[in-house]
Amino acid sequence: MARPLRSRPRRAPLSALVRCAAILGLSGGVTAALSVSLDTTAHASGLSAARFGGEHGHPTTDNPTAIYYNPAGIALKPGTRIMLDANLAFRWASYQRPESAINNPGTGTPDDGTAANSGTAKLQNTLVSPFFGAHSDFGTKIFSAGAALYFPFGGQAVWGQNSAYANSSAYPGAHDGPQRWYTIDGKIRSMYITGAMAFNIPQIGLSIGVSGSAIRSETDTIRARNADGSDDLVIPPPIGSRKEGRSWLEASGWQGGFGIGAIWNWQQRLWIGASYTSQPNVVGGMTLKGKLSNALASPMVPTKSPAELTQTLPDIIRLGFRVRPTERVELRLFADYTRWSVFDKQCVLDASVKDRGCGFTGADKALTEPEGFGAEEKDPDGPDGPLKSPTNGTIQHLPRFWKDAGGVRAGASYWFLPQLETYVGAGYDSSAVRPQTLDAALMDMNKMSFSLGARWQIVKQFAMALTISDIAYFKVDTNKRSVLNKFAAPTKQASAEGIYKQNILLANLYLDVRF
């Protein structure tokens, strides 16, 4: 996702953090802190970026994208198919941070620094997301197997800078924009390497399939951060020195997952499909291992330490219908339900601490009674206090409290010629993110999508398709509902109050080879 070159490279080495500290002139009595910001391009709910196959990617499809959407689909047609698919996303987004979001106006943010801590941030990025898959029945017509490589979760982003502070000596950190407390630039991505097999039972028109995946998840992100979770630009008088720092997290890890599905068809006129895709790690819970680099107010010299990021991603249920009332017409209706409520928090832990954990109590009331939630917890009966705490080793605790989300989509195709299919589609996806915890790093809103495309069977063995989709997100105004700055350290963050807007133009192109 494209923007002008920045003065600081995106994945800069630690030496860049040293330069960052020097530029910011960091000094004062701030202890180590961390940031984790996960910039995404969500085409469906939450972090989901799966739009493989355009209008031909759904739970009743018979092309190789079925390896992800519903593995039973690879047994629907005989022969061998190879598919190369690419989504090109053009994303525009903005975040308008009001002055009322500033934590400590007049002290932590002096009166002349108000514009350095508020205003409108904009993003204009381009992202390519590939899918490569193949399957074959090996001449059996009853058994098929296939494999695919794809990226169904995540994305990356680089936000625009505030040129008014390009050479500021008072508030140099403001050059990275008012959204910098949640994200400057970064990525979160899950790569799936999936194998699938399916059986076709033609006597009853039923296909059943199963898949297994090796999942590589990674994050690489940098943001502004203060140890106390505030957005203070300076340490209040009488000290008055600059306070704003930077923090960089890199982490990755492997997980496993599976999928299962079935498709019933009637006389090649009606298809009904259902599938289930498990959570990464099946029972939930992911631990990504990496390093945390800080360039904060104190000490002046940046630090690097081993860290772990823990989180839980969802499982997905899909249902689809496809009908051919005539040879020239096909109608489609499909839906999905994603259990984003398991994405309740993200924690960054000190990997050098034994018996580390992120077991904060009171989460059930955190959104309605946020004051004081997320403080470090001690064992009152333990002589070593926090060494036996359920939050032992927590560097930062990021409450998400997402909710389950779903989407529904309808589409229709018409063949002007036997070799030329044209199609349209429209859909709605609900947001997984609550206004209370919405921020510029993890933006999601209710959205509508509209698609138009065509598929051309150039020869019997080769076809190509192009789909253009516009994903229109509904504007969100948190309207004083953000609670991130009401929590206690190490959970507190800068207030994410404000107005969020986003739109994505998506071009999907795929090549389909069969023999």
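**Exercise 1. Determine whether Glu55 counts as buried or exposed, and find its salt-bridge partner.**

Glu55 has a relative accessibility of 2%, so Glu55 counts as buried, where buried means under 20% relative accessible area, exposed over 50%, and partly exposed in between, with a 1.4 Å probe and protein chains only. The model is predicted, so local features need pLDDT of at least 70 and side-chain atom pairs count only at pLDDT 80 or more, whereas totals for chains, interfaces and linings use all residues. Residues are numbered from 1 along each chain as its sequence is written, and side-chain values use heavy atoms, with hydrogens and water left out.

Next, the partner: the side chains of Glu55 and Arg332 meet in a salt bridge at 4.0 Å, N to O, a salt bridge being a side-chain nitrogen of Lys or Arg within 4 Å of a carboxyl oxygen of Asp or Glu. This pair links distant parts of the chain, 277 residues apart, with Arg332 in strand E11 (residues 329–338) and Glu55 in the loop between helix H1 (14–24) and helix H2 (66–69); helices (H or I, at least four residues) and strands (E, at least two) are DSSP runs, numbered from the N terminus. Arg332 is buried as well, with a relative accessible area of 3%. Finally, Glu55 and Arg332 belong to a network of salt bridges that also includes Arg322, Arg324, Glu330 and Arg409.

**Exercise 2. Describe the salt bridges of Glu244 with Arg180 and of Glu327 with Arg269, including the accessibility of each residue.**

The side chains of Glu244 and Arg180 meet at 2.7 Å, N to O. Glu244 lies in the loop between strands E5 and E6, and Arg180 in the loop between strands E3 and E4, 64 residues apart. Glu244 is buried at 6% relative accessibility, and Arg180 is buried at 0%.

For the second pair, Glu327 and Arg269 meet at 3.2 Å, N to O. Glu327 lies in the loop between E10 and E11 and Arg269 in the loop between E6 and E7, so the pair ties together parts that are 58 residues apart in sequence. Glu327 is exposed at 55% relative accessibility, while Arg269 is partly exposed at 28%.
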